[in-house]
Amino acid sequence: MSRGEPIAGLDADGVVARLMRELGRLPGVGPKTAERMTHHLLSAPRGEVLALAEALRAVKERIRRCVRCCHLTETELCAVCLDPRRDPTMICVVEQPRDLLALERTALFRGHYHVLHGRIAPLENVGPEHLTLDRLSERIRSDEIKEIILATNPTLEGDGTALYVASLFSGSTVRITRLARGVATGSVLEFANNQMLADALQGRQTF
Ligand SMILES: [Zn+2]
């Protein structure tokens with residue numbers, strides 16, 4: 001097929017329609033973009049397309065959760081947990097790996113992390129049991145941790161989750177802090193700029 005040739009009378013159950021549907025599920029990809037991507041893949045060299053397919057397969061097969069902090073990793077422990085220059089007595093609790101990456105870009109936080117893989121969202125039936133809180137409790141009990149920085153997003157659900165986590169450990173000797181409101185309410189850590197995150201981290205307050 002030549003580039004840009006229309007695919008007339010597509011079989012709705014055929015492979016092309018299926019690819020278009022799968023691409024259309026990706027965030028930020030509407031039907032038009034999915035169609036454009038499909039046409040691109042149909043006309044792209046076979047090696048290029050198979051490399052993409054292989055990358056998709058590899059990411060699902062090889063990526064797992066760090067046994068300590070639940071960040072995504074290809075090895076038992078993630079790069080942050082393995083780094084001997086980092087301070088293991090401080091744990092920054094985030095909702096998702098992408099929030100961890102946003103904080104890492106500021107290069108200001110030199111402690112460890114804990115990735116919850118979600119936030120408490122009653123309307124979506126996501127309760128505390130769906131998060132990695134058991135693992136966090138184990139870390140608080142067994143590791144030498146002095147401070148937990150709650151860096152969940154400044155949204156209603158992020159705040160609720162921070163409150164819940166703080167209440168879990170309120171009886172312990174660990175200092176519990178929350179990111180300052182350098183990150184505007186309702187915004188998402190992932191999209192905050194470095195200076196905002198740096199201010200939020202430095203201005204953190206005891207919960
Ligand atoms: Zn880790």
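**Entry 1: Val-94**

I began with Val-94 and, leaving aside its neighbours within four places in sequence, found it in contact (heavy atoms within 4.5 Å) with Asp-99, Leu-100, Leu-103, Tyr-113, His-114, Val-115, Leu-116 and Ala-151. This is a predicted model, in which local features need pLDDT of at least 70, side-chain atom pairs count only at pLDDT 80 or more, and totals for chains, interfaces and linings use all residues. Residues are numbered from 1 along each chain as its sequence is written, and side-chain values use heavy atoms, with hydrogens and water left out.

I placed Val-94 in strand E3; strands (E, at least two residues) and helices (H or I, at least four) are DSSP runs numbered from the N terminus. Is Val-94 buried or exposed? Val-94 is buried, with a relative accessible area of 0% (buried is under 20%, exposed over 50%, partly exposed in between, with a 1.4 Å probe and protein chains only). I also looked up Ala-151, which is 57 residues from Val-94 along the chain, and the C-alpha atoms of the two are separated by 5.1 Å.

**Entry 2: helix H5**

I went on to H5, residues 97–106, where Pro-97, Asp-99, Leu-100, Ala-102, Leu-103 and Thr-106 are buried. These buried residues pack against strands E2 (72–73), E3 (87–94) and E4 (111–115) and against helix H8 (194–202).

**Entry 3: helix H2**

I checked the length of H2: its 13 residues, at 1.5 Å a residue, should span 18 Å, and its end C-alpha atoms are 19 Å apart, which agrees (the expected span is 1.5 Å times one less than the number of residues). In H2, Ala-34, Thr-38, His-39 and Leu-41 are buried. Seen down the helix axis, the buried residues of H2 fall within an arc of 165°, so they line one face; the arc is that of the directions from the axis to the C-beta atoms. The face turned away carries the exposed residues Lys-32 and Arg-36. H1 and H3 are among what covers the buried residues of H2.

**Entry 4: the lining of the largest pocket**

Which helices supply at least two residues each to the lining of the largest pocket? I noted H1 (15–24), H2 (31–43) and H3 (46–62). H1 gives the most, with five residues.
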